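Dear colleague,

Please find below the structure I wished to pass on to you. My notes on it follow directly after.

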Amino acid sequence: MNNLVKRAQRRDADAFTELMQSQMQNMYKTAWAMLRNNEDAADAISDTILVCWEKLGQLKQAEFFRTWMTRILINQCNDILRQRKKVYPVEEVRETARPSDEYENIEWMEMLNGLDEKYRMVMILYYVNGLKTTEISDILHMPVSTVRTRLSRGRNQMTSLYHERR
Amino acid sequence: MDDKNIVEMMQMEIRIPDIVQEKAGLTYEQIRTERTYQKMKRRKINRNRRVLPLVAAVAVLAFGTTVCAAGYLKWSRGLQNEFEGTEEQRQMLQTEQIAAPVSPEKNSVTSEGVTVTAQQTIVTDQFAWLSFKIEGYDLEEGKEPCFDEVHVSIDGNDGISYTSHFYDGLQQDASGQFVYEDGTRAEENASGGVVERFAGQDGSLEYIIWINAVTNDEITLIDSTADVRFRNLGTVHKAAFTPDLDAEWELTIAMKGSDAVREASLSEPLGESGAIVKHVKISPISIQVDYAFAAQEFTIEATNGDGENIQTTDHTEPPLVYGVRLKDGTLLTGIMGGGAARRYKETDTYMTANTTRHILDTAQIDAILFQKAVPEQDGPITEENLYVVPIE
């Protein structure tokens with residue numbers, strides 16, 4: 001991935017596309033976990049792609065690409081959540097997954113829905129995006145101890161869900 | 001259920017919804033269209049260059065090449081950030097004529113109230129950096145400055161590879177956090193994004209052009225002349241340029257530079273990789289390695305911007321340089337910057353040349369470090385993931 005990052009930093013659009021596509025699963029899972037809506041997730045991801053293209057020169061160490069990109073994606077998701085509050089102050093936004101998407105991804109979405117909201121993002125960032133607990137602490141603005149506690153509880157909750165379904 | 005099961009559950013492959021892939025595809029297309037548009041405009045200007053009346057302010061610049069004992073250059077903010085090093089190491093680059101200041105009398109072009117001043121160059125045989133100071137542009141808070149077009153040629157040759165950007169005042173610390181030049185943690189804006197500091201204390205901006213001539217045998221950077229033209233100044237947001245000033249700034253820069261390097265001829269196999277290190281050339285800011293290596297072609301499955309499955313062909317690479325070991329045992333890792341590679345199929349040889357983000361005292365290097373394996377998780381690479389090749 002580091003070579004792709006470096007080529008993309010030299011404004012190689014093919015390398016950049018390949019790089020971002022390689023992160024699509026992570027990006028979608030993260031955006032969906034925050035927004036629970038495919039249209040909003042699509043907006044957050046496309047804005048993230050643009051911001052990454054624009055700001056890639058800021059990234060001095062290619063090793064930190066995924067952490068850097070995840071931070072941008074979460075900021076874009078937070079922007080959308082803030083706008084939602086302005087537009088829909090009371091009404092909750094309904095999930096708009098298309099039937100085919102819902103069907104194919106149902107196992108993953110059910111698993112995620114079974115997790116308490118407060119554990120969901122920590123679990124996604126740790127297990128899907130591969131971030132360290134210190135990085136998660138920084139991105140989510142919470143103490144590392146809280147991240148570790150939530151990870152531990154999230155794991156327990158997943159184990160319970162797993163046994164319930166069996 | 002153990003940790004392995006949790007990882008499998010969380011990382012299970014899911015279907016990316018059409019709407020997500022479609023919007024991403026449009027975004028990739030927007031990026032490519034923007035680039036195509038830029039290229040078309042550049043070509044048009046180049047073609048008409050000889051017949052159009054000269055409307056831009058032009059200055060012919062001569063970079064100071066005489067090194068005065070007490071006249072050490074104060075490096076620009078951006079270039080100082082580009083290369084980690086001590087004041088002594090920066091002075092050493094000037095003494096060796098790699099870094100050069102600009103004669104202050106002849107280096108400015110003013111148009112529409114904005115003055116562009118060439119202030120410093122760093123030139124080796126394969127790479128060059130040019131730093132420009134931009135004064136008189138009132139950048140709105142929270143905006144990112146951008147030239148609509150930047151065109152660079154070396155000795156009249158347009159076929160060079162270069163990238164350029166406004167210096168944003170940000171650095172990354174060892175843990176990847178963004179910090180400002182004074183080491184304080186970068187602030188966040190209302191959206192949670194990092195707040196850049198484009199403007200220096202005097203309100204000026206800095207623009208940096210990095211030229212990479214590794215893959216172009218026709219270009220000689222040392223003692224060359226760089227023609228640089230900036231056109232239209234404004235701001236950029238989500239890759240869309242918003243014009244502010246319709247103007248042109250054109251500068252001609254006489255560059256110096258040095259190709260002084262430390263060299264070593266070797267025959268050192270890199271484990272089971274099939275690569276043998278044959279030759280290394282180390283300058284204080286770059287490392288070139290020549291390998292004996294028969295690169296193998298392979299096919300990979302990928303998804304294009306439209307979400308379609310495609311097959312592309314790539315080739316294997318030898319282990320790449322990851323840093324150096326100093327004579328006192330210190331490992332300088334993760335210091336490699338941009339660069340390029342060349343593969344010579346006929347002779348089964350391979351060459352890589354990269355800049356370093358750390359100014360090196362070449363006499364103190366006793367080994368080159370090559371990346372053996374990439375850990376599955378992102379993060380620093382440890383010594384067990386490296387090949388150590390002594391160069392004494």
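In chain B, among contacts with a separation of 6 or more, 65% are between residues 24 or more positions apart. The model is predicted, and everything in this message should be read accordingly. Chain B contains 23 strands and four helices. Of its 392 residues, 34% count as buried.

Turning to chain A, two domains are assigned: domain 1 covers 1-94 and domain 2 covers 102-166. Their contact draws on ten residues of domain 1 of chain A and eleven residues of domain 2 of chain A. On the side of domain 1 of chain A that touches domain 2 of chain A, helix H3 (24-35) and helix H5 (65-87) each contribute at least two residues. By class, that side of domain 1 of chain A consists of three nonpolar, four polar and three charged residues.

One residue of chain A deserves a separate note. Asp12(A) is located in the loop that joins helix H1 (2-9) to helix H2 (13-22) of chain A. Is Asp12(A) buried, exposed or partly exposed? Asp12(A) has 14 other C-beta atoms within 10 Å, and it is therefore partly exposed: a residue is exposed at 12 or fewer such neighbours and buried at 20 or more. Asp12(A) and Thr146(A) are separated by 134 residues in sequence, and their C-alpha atoms are 40 Å apart in space.

I would be grateful for your comments on these points.

With kind regards

Conventions. Residues numbered from 1 in each chain as written. Chains lettered and ligands numbered in written order. Predicted model: local features only at pLDDT ≥ 70, side-chain atom pairs only at ≥ 80, totals over all residues. Domains from an automatic or database assignment. Contact = placed C-beta atoms within 7 Å. Nonpolar A, V, L, I, M, F, W, Y, C, P; charged D, E, K, R; others polar.
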